[in-house]
Amino acid sequence: MKQIECSCGYKNPYGTEICHGCGKILGTKGKKVDMRYEGSARRSQTYQKNPIDKLWNFFSSVKVGVGLIVIVLVASIMGTILPQEPTIQTELSLGEYYQKKYGTFGIIYYSLGFSNVYHSFWYLVLIICLSISLIIASIDRFFPLYRSLKHQRVIKHPSFFQNQRLFFSLPSINEEELEERLQSFHYKVKKDGQNILAEKGRFSRWGPYVNHLGLIIFLIGVTLRFFPGIYVSEVVWIRDGETKLLPGTNGQYYLKNNQFIVEVYDKKKTAKVFQDALQNKGIIAKNFETKATLLQTGQHVIPGEKITLQEIKKANIKVNRPLKYGGYTIYQGDYKLNEFAELEYSIMAKQSKKKLGSIKINLADPKDSYRLKNGLQVEILEYFPDVVFDKDGKPSTISKIPNNPAFVFRIKSQDQKSAEVSLVTVNQTVNAAAAASFAVELENVETRNVSALTIRKDPLLPLLFLGGMIFMIGVIQGSYWQHRRIWIRAAGNREFWIAAHTNKNWHGLKRDIQHVFGNHKEHGLETPTYKRLDNGEEE
Amino acid sequence: MASVSGNFLFASFLLYIVAILFFGGSVKQRKKAEIKEVGKSSKIGLIITIFSFLSHLAYFILRWIASGHAPVSNLFEFICFFALALVAGFLILFRLYPLPSLGIFTLPIVIVLLAYANMFPKDVAPLIPALQSSWLVIHVITAAVGEGILSISFAAGFIYLIKSINAKETKSSRGIELIILFFFSFIGFILLSIIFSSIGFKEKVYIVDSQGQQAAIDYHMPPIIGPDPKDVADNADFKPFLTVPATINSGKLNSVLLSILSGGILYLAARLILRTRVAARLKPLVKNVSLELLDEISYRAVLIGFPIFTLGALIFAMIWAQIAWSRFWDWDPKEVWALITWLFYAAFLHLRMAKGWKGKNSAWLAVIGFMIIMFNLIAVNLIMVGLHSYA
């Protein structure tokens, strides 16, 4: 494309609206030119022909960006109307669940996909579009703006002055005093003959681009987590006294749960100020804590050989106080109190009610058979940790967790001649034979607590943090400072033109002008007349 | 100590009311001398507001000392602190733009918020494990201060609308009246709560939900709306006028409806007394204010508040969530609503900067922004089920 040569001789890139050399307005005469990007040539405003241009223009448009923000916003609101799928625990299918719980509205909500908005494909597409818009809109604006601000000159064309929102003239100025005053307001003053350019806070113009960069880094960090192997998130339930492999650690780490405890605020021991709250609320939890020992597998593990575990450290894992080691973080999660651990059954002669002996079954590791002192033998034919019975009364287990354990016992007499089969649950015993000679009774129950621990490895957290910090720096830079400029031009005999511009906070700029040039009451000068144009503010 | 702190809170509540009167008085004064300096009445108003703010702060510090943790752990404490943040936001912007009408419109919000907070349980409760972290202070305080400053944008925007909208613009003036109706509904809620709790009204109804489990619904106000009779487990004499499915908590909905109803009555009474739109009667209060200045205050408040809000409600929130809940983001309703608020103000800034949305457009956006903040403060905590629910 052809360059635009200004009357001052400066060659501007095609599409420039304000000459980078002298500040002359290059657009059509009489039309106000937007100062937002210094009238520089932006790709999106200049090239609009081929499909790539069109795509570029689409994503560089702030209108499109705001549209995308609003769509994400509305979609996000939709997702908070009803609880989302990941938070729901139900045995029903999700469709049925939403129908049963929320009626017709629930069905519509579910079938439109609002029940899992945030993990839906189209929400992801929206976020991707927003990211592309962030990148392209920033590139489209930043480079031309940077170039024109870097190369700006002190002397500006008269049409540039007339184009400004704040423009007035004075018969005379005291250059030295003016310079001093401008400097006392932290303006950097540049001079060229009798022309002056006073500028401050230019760096605030980069704020939007810095914060967009931060957002992009953050979003890249979030995206990288989807690559397999980078991000670990696992949950392991460990019973008191148990040692378990921490999933997601490649077999490297084991954790022993020495004891899980729950503490509540004790009314007698708690300070006086809390008494009313304890009275009204009842029980308030104080602490969830797993007293744990972290173990590591030995250096040289030979497959098939028994692994050796070395103790690394003891730690009390609490809510808000996770255990960190080797890039992994272990958090206190859910818990379950008083899970069945050991059941003790006594075997009795049915007729005489005489106790013949008892067996202790460790539910985590039940033996195949138990021999009693008097020669009786109890075999465990089947074990159902979490028993349910179907319509025909046939038992099966729904989980491996001993919520409702049941056994099928075969009790053999000393002489091994007779054997009786019975089904034993925590509540009752059913004998297969009508004329049974043995009775089984639950004698004792031992329980344990179970602690759920979450294992996370997220090596991208520093990147996300960096993105967040860059965003904050950019947003503060752009919000708490303003880019203000004041131009002064000697326009013939006894006339000085003054124009000023700021990207925001015009009130503050006017205050600066009044302090620098004075108002007419004090100095007999004309009150600055503010020429108002309806161009918007910047960035 | 806790009861002393309560006295300081009450003192600040009363002082805010006095401060409004002085800010209101300054409107007449400004007419006489059209100087840039703050008028005498307004100066007194400012001094009283500062004292009131200090008393409010004393409540906060004393309660902190009494309980050993920052008093931002339940809804009463949080709303009180949000009100404090609003005053802080007002003081910051008043320093930049000494406009008495900003006080006339900000302080009533503060007063209603304090009264509203008082309707929730005020017991000093010990912290549950999830809250036992120094991030409680860092996260909640920063987020609330951000929201407080953003709310000043609403005050300025609202004044802008009152001043600029005339009766001919039916849609806009109806919108303004609707905002005033909302404000009255808060007052209605407060009045009804005081009345019914003083006569000891409390009713309970048991319902059977879809899982077949019994749940109790508390009614703090007489039921005009209740669960479907087929879901009610007992209490045959419980006969509301309207019924809703069991999934909606009819007790809370009932309170909301009654509040709006009483707000409507208050609004109608106000209209009968004033014999015109309420906003029209507010106009004289803002006569001497420049629209351009209001527009700038509204924008400036967003510029100051937005970074603080981002830091507190998103960044600090994410850091704490990573420590306490093992993940920095999990689409919990409160997290989502913080994101919604953030996206909204981001859109506000982009529309203003790039699309030149100034004046009325921008003022309406500031109003909507405040609605989102209030929704986030009240509805998300009370109605939605999530990790931030207080009820």
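Chain B of this predicted model holds 11 helices and four strands. How does its radius of gyration sit against that of a compact globule? For 391 residues, a compact globule would come out near 21 Å, and chain B, at 22 Å, agrees with that. Laid along its principal axes, the C-alpha trace of chain B spans about 70 × 50 × 45 Å. Some 56% of the 391 residues in chain B count as buried. Looking at contacts in chain B between residues at least 6 apart in sequence, 76% of them join residues at least 24 apart. As for the surface, chain B exposes about 16,300 Å², with carbon and sulfur atoms supplying 68% of it.

Ser185(B) belongs to helix H6 of chain B, which covers residues 170–198. Is Ser185(B) buried or exposed? Its relative accessible area is 7%, under the 20% cut-off, so Ser185(B) is buried. Setting aside neighbours within four places in sequence, the contacts of Ser185(B) are with Ser259(B), Ile260(B) and Gly263(B).

Chain A is another story. Its secondary structure comes to 12 helices and 23 strands. The globule rule gives 24 Å for 539 residues, but the radius of gyration of chain A is 39 Å, well over that value, so chain A is more spread out than a compact globule. The box filled by its C-alpha atoms, taken along the principal axes, is roughly 130 × 60 × 55 Å. Buried residues account for 46% of the 539 in chain A. Among contacts in chain A that link residues at least 6 apart in sequence, 61% join residues at least 24 apart.

Several strands of chain A can be followed through their pairings. Strand S9, residues 285–297 of chain A, has 11 of its 13 residues buried, so this strand is largely enclosed by the rest of the structure. Which strands pair with S9(A)? Strand S8 of chain A, residues 253–264, pairs with S9(A) in the antiparallel sense over 11 bridges. Within that pairing, Ile261(A) has Glu289(A) in S9(A) as its bridge partner. S9(A) is also joined to S10(A) by nine bridges, again with the strands running antiparallel. Here Gln296(A) finds its bridge partner in Gln310(A) of S10(A).

In general, most residues other than glycine have a negative phi. Asn320(A), however, is not a glycine and has a positive phi of about 75 degrees. Asn320(A) is found in the loop between strand S10 (309–318) and strand S11 (323–325) of chain A. With a relative accessible area of 8%, Asn320(A) is buried. Asn338(A) also has a positive phi, near 55 degrees, in a residue other than glycine. Asn338(A) sits within strand S12 of chain A, which runs over residues 328–349. At 52% relative accessibility, Asn338(A) counts as exposed.

Further along chain A, five strands form an open sheet in the order S14-S15-S18-S19-S20, with antiparallel pairing. Why do the end strands have a side without a neighbour in the sheet? Strand S14 (369–371) and strand S20 (429–431) of chain A stand at the edges, each with a single partner strand, so one side of each is left without a neighbour in the sheet. From one strand to the next, the twist averages 25 degrees. Inside this sheet, strand S18 (residues 406–412) and strand S19 (residues 419–425) of chain A run antiparallel and are joined by seven bridges. Lys412(A) stands opposite Ala419(A) in S19(A).

Finally, the two chains come together through a pair of helices. Helix H11 of chain A (residues 506–517) packs against helix H9 of chain B (residues 291–324) at an angle of about 115 degrees, and their axes lie 9 Å apart. From H11(A), Trp506(A), His507(A), Gly508(A) and Lys510(A) meet Glu292(B), Leu293(B) and Glu296(B) of H9(B). The residues in this contact of H11(A) with H9(B) divide into two nonpolar, two polar and three charged.

How values were computed
Residues numbered from 1 in each chain as written. Chains lettered and ligands numbered in written order. Predicted model: local features only at pLDDT ≥ 70, side-chain atom pairs only at ≥ 80, totals over all residues. Heavy atoms only, no water. Pairing = 2+ DSSP bridges. Axes fitted to C-alpha atoms, helices over the stretch in contact; angles between N-to-C directions. Rg over C-alpha atoms; globule rule 2.2 N^0.38 Å. Buried < 20%, exposed > 50% of the residue type's maximum accessible area, 1.4 Å probe, protein only. Contact = heavy atoms within 4.5 Å. Areas by Shrake-Rupley, 256 points an atom, 1.4 Å probe, with all protein chains shown as cover. Nonpolar A, V, L, I, M, F, W, Y, C, P; charged D, E, K, R; others polar.
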